[in-house]
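Here is a short walk through one protein model, written to be read with the viewer open beside it.

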Amino acid sequence: MNHPVPPNALRRELPAELLAELREIFADRLSTAQAIREHHGRDESSYDPMLPDAVLFAHSTDEVARAVALCNRYKFPVIAFGTGTSLEGHVLALQGGLSIDVSQMNAVLAVNPEDLTVTVQPGVTRKQLNVEIKDTGLFFPIDPGADASIGGMAATRASGTNAVRYGTMRENVLALTVVTAEGKIIKTGTRAKKSSAGYDLTRLFVGSEGTLGIITEITLKIYPQPEALSAAVCSFPDIGSAINTVIQTIQMGVPVARVEFLDENGVRALNKHDKLTLPEKPLLLFEFHGSEHGVKEQAELVQQIADEHGAIGFEWATRPEDRSRLWQARHNAYFALLQLRPGSRAIATDCCVPISRLADCLLDTKADCERENIVHGIVGHVGDGNFHVQMMVDTSDPADVARAEAVNERMVARAIAMDGTCTGEHGIGLHKIDFLIQEHGEGAVDLMRSIKHALDPNNILNPGKVIRW
């Protein structure tokens, strides 16, 4: 085991009576096959697999509700599963349980172009959604990199490359249908753009990581496709120059759609993985959305700022195929970085700080990685102060893992001291439970625990994640 097993990892046995009832209802859509369980017992984190006892492929909200109600009667864990792309151990069956796979709940239920809203089932992926609404002239901008499911993105409060302009899932989810721990079906909002009616249950479930309920429908904001898009890439002599370019751009109010950072290790990895020829120096990748005139004006201003900070070249990618190639390479960064140390696994972590402290936090973290001789890359959605450190480790070597985890702990402490957060978008999962206490304090976490106890008194919903029971 490359991480210590958390103290609340006591596995619960699958009651034979529960298994028999599930089989009677769901027949061949319930599986206990080893290969299926293995697929649902891992994600992209560096944790060893933790397998569920059974996997159910659900087709509807009613089926999810029926399965959850049964499991609640037997006090047996339930873990929602979308695409398995999470990075902090979110979908691992820490205490065993039933994995409810919602990937076959993948219908776009309603498109309302006049109101700029769409309602989908949780298994719809972000790419699928954009293909299905393309003809309306609208798009859904949240882009965490992986082709994640919308349900998973809502559950983890995902964001990604476009967040600097369009916000995160928190700002873009209008309403949810949720199955509670008792197997009841509730709706948390409407398609209205605002409401002051009662407690904001939508925001309670967005980011709850499947610990308070299972999301089965999501109503989202969508946006007009921009008239013009332009992307630009530029390199810098050092990290500080690149980050200070971003800080000045944001502070001047330039409405960039995306601004991504890669350190020299990240660029080297992308060149090798995607057959690119980018200078192996710290790099910024910009994208601008708007009218033809607005995009041109934004880009020229950013180019001036970059030149003032010693930018090495400012290359345009105006053709769609060139833009796509650059962004596809950026999305491949996780897998490209793994090739810097063949056979390794990644400890991928993130933090987010106020934009004015970004350079300090990132540079200190970079220096820490280098002092520890850790093979690493740093990438980030730096327009909103968020960056990711990916450390390649030999998970069979406890000392190697310990060095990386110590760097991560110091990075989080640094970010929190700067009035930042232990995670900008990965979520807490298993990996960051103690950091949540460090960030919010015991009192706030006790309140979160009280909410968990009230909504899930038998602790069946993704137990062991976010907070300790």
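Predicted model: local features only at pLDDT ≥ 70, side-chain atom pairs only at ≥ 80, totals over all residues.

Residues are numbered from 1 along each chain as its sequence is written, and side-chain values use heavy atoms, with hydrogens and water left out.

Let us begin with the sheet. Four strands form an open sheet in the order β1-β2-β4-β3, with mixed pairing. The edge positions belong to β1 (30-31) and β3 (78-81), each with a single partner strand, so one side of each has no neighbour in the sheet. Strands (E, at least two residues) and helices (H or I, at least four) are DSSP runs numbered from the N terminus, and two strands pair if DSSP finds at least two bridges between them. Strands β2 (residues 54-57) and β4 (residues 98-101) run parallel and are joined by four bridges; Val55 stands opposite Ser99 in β4. Across β2, β3 and β4 lies helix α3 (residues 61-73), running at about 170° to β4. That angle is taken between N-to-C directions, on a scale from 0 to 180 degrees, with axes fitted to C-alpha atoms, for helices over the stretch in contact.

Next comes helix α4 (residues 126-133), where Arg126, Leu129 and Ile133 are buried. They sit on the same side of α4, because they cover an arc of only 60° around the axis, the arc being that of the directions from the helix axis to the C-beta atoms. The buried residues of α4 pack against several elements, including β5 (108-112), β10 (214-221) and α12 (320-331); contact means heavy atoms within 4.5 Å.

Buried means under 20% relative accessible area, exposed over 50%, and partly exposed in between (1.4 Å probe, protein chains only).

| Residue | Relative accessible area |
|---|---|
| Cys71 | 0% |
| Cys361 | 0% |
| Asp368 | 1% |

How many disulfides are there? The count comes to zero, a disulfide being a pair of cysteine sulfur atoms within 2.5 Å. For Cys361, the nearest cysteine sulfur is that of Cys351, 4.1 Å away.

Finally, Asp368 is found in helix α14 (residues 358-371). Its side chain makes a polar contact of 2.7 Å with that of Arg410. Such a contact is a pair of N or O atoms within 3.5 Å; within protein, one must be able to donate a hydrogen and the other to accept it, and residues adjacent in sequence count only if both atoms are side-chain atoms. Beyond its neighbours within four places in sequence, Asp368 is in contact with Val407, Arg410 and Arg414.
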